[in-house]
Amino acid sequence: MASAQRAPVGDSVPVPGALPAKPASSPAAVIELLRKPKQIPNSVKFMLGGLSGCMATMVVHPLDVVKNRMQLSGEGGAAREHKTSLHAIRSIAAKEGVLGLYAGLSAGLLRQATYTTTRLGVYTWLFERFSGPGGQPPNFLQKTGIAIVAGSIAATVGTPAELSMIRMTADGRLPVDQRRNYKNVFDALIRIAKEEGVIKLWRGYLPTVGRAMVVNVAQLVSYSQSKEILIESGYLKDGIPCHFAASMISGFLTTAFSMPVDIAKTRFAVSVITQSPEAVPAAVTVNP
């Protein structure tokens, strides 16, 4: 049997038994293929968002402790315990030791793994779904709606960890006989479910959802919008300086708009019911 011969290049007449010629890839096509950006799977985006949040918590958790203590300071008309942030840091370190500034760290990490992962993941997914066919980003109103939905879903998932973290960070300010003394976040979740009921894991859910909506709108929307404005202005290109400037603007707006709701959330999380829920459903008092 005669062996198959490859058809000569450029010959349009098929040769019986000849192998089809392989199309040659042009160098320009190969370069264009290599330059084409690869899409990161949404699952990886979810994981990276939660991981970055956990890494940030390891650094900023002491500030969370100070924030919660200052928000509880002066409640019920009592004298304020802490005048400034530095005063709060010195007071906590003197009374509870330096490790007191890391009280509730396990709950903070779980909050990031649940709340932050869900918030960034849902926002990114919806952002891509509502982007234009040519990659145009959603308009301002669409970004606002996306942020509200992402914040609501994330708050539903993260409220138990948020509740545990607030209680654990605030425990050191209570008299010794009134402290809950949770060992870690899992001990807190189990004890809250056993002692107060599973539904109480979502205590303060409405303030938490309200805060999440405000934070998402102020943070995610303002970040995206600020970055677009900075790039369109021509003063900054898409890079680290632009991202840094947009983050600073976003952080300022987020803090300014979310603080009132954040204080309400914190105080509600540490409150205890004074009578049975059947007798007085809305009667609560905040621990001194």
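Visitor: Is M47 buried or exposed, and why is it called that?
Guide: This is a predicted model. M47 is exposed, because its relative accessible area is 52% and exposed means over 50%.
Visitor: Where is M47?
Guide: M47 sits in helix α2, which covers residues 42–72.
Visitor: Which residues make a nonpolar surface patch with M47?
Guide: L48, L51 and M55 make the patch together with M47. The patch is about 430 Å².
Visitor: On to pockets. How much space lies in the largest pocket?
Guide: About 930 Å³.
Visitor: Which residues lie nearest its centre?
Guide: V60, D64, K67, R111 and R211 do. The whole lining has 32 residues.
Visitor: Which helix gives the most to that lining?
Guide: Helix α2 again, with 12 residues. α4 (105–129), α7 (205–233) and α8 (240–269) each supply at least two.
Visitor: And how does the lining of the largest pocket divide?
Guide: Into 11 nonpolar, 13 polar and 8 charged residues.
Visitor: What about the second largest pocket, what volume does it have?
Guide: About 670 Å³. Its lining has 21 residues, and Y123, F127, Y223, S224 and K227 are the closest to its centre.
Visitor: Which elements give two or more residues to that lining?
Guide: α4, α7 and α8.
Visitor: How many of the residues lining the second largest pocket are charged?
Guide: 4 are charged, next to 7 nonpolar and 10 polar ones.

Methods:
Residues are numbered from 1 along each chain as its sequence is written. This is a predicted model: local features need pLDDT of at least 70, side-chain atom pairs count only at pLDDT 80 or more; totals for chains, interfaces and linings use all residues. Side-chain values use heavy atoms; hydrogens and water are left out. Patches are made of residues with over 30% relative accessible area and no salt bridge: like charges are joined within 9 Å, nonpolar side chains (Val, Leu, Ile, Met, Phe, Trp, Tyr) within 5 Å. Accessible areas come from the Shrake-Rupley method with a 1.4 Å probe; for residues, only the protein chains shown count as cover. A salt bridge is a side-chain nitrogen of Lys or Arg within 4 Å of a carboxyl oxygen of Asp or Glu. Helices (H or I, at least four residues) and strands (E, at least two) are DSSP runs, numbered from the N terminus. Buried means under 20% relative accessible area, exposed over 50%, partly exposed in between (1.4 Å probe, protein chains only). On a 1 Å grid over the protein atoms alone, a cavity is a set of points where a 1.4 Å probe fits but cannot get out, and a pocket is an open set with protein on both sides within 12 Å along at least five of seven lines; lining residues have an atom within 4 Å of a point. Grid points are joined across faces, edges and corners, and a volume is the space filled by probe spheres set on the points. Ala, Val, Leu, Ile, Met, Phe, Trp, Tyr, Cys and Pro count as nonpolar, Asp, Glu, Lys and Arg as charged, and the others, Gly among them, as polar.
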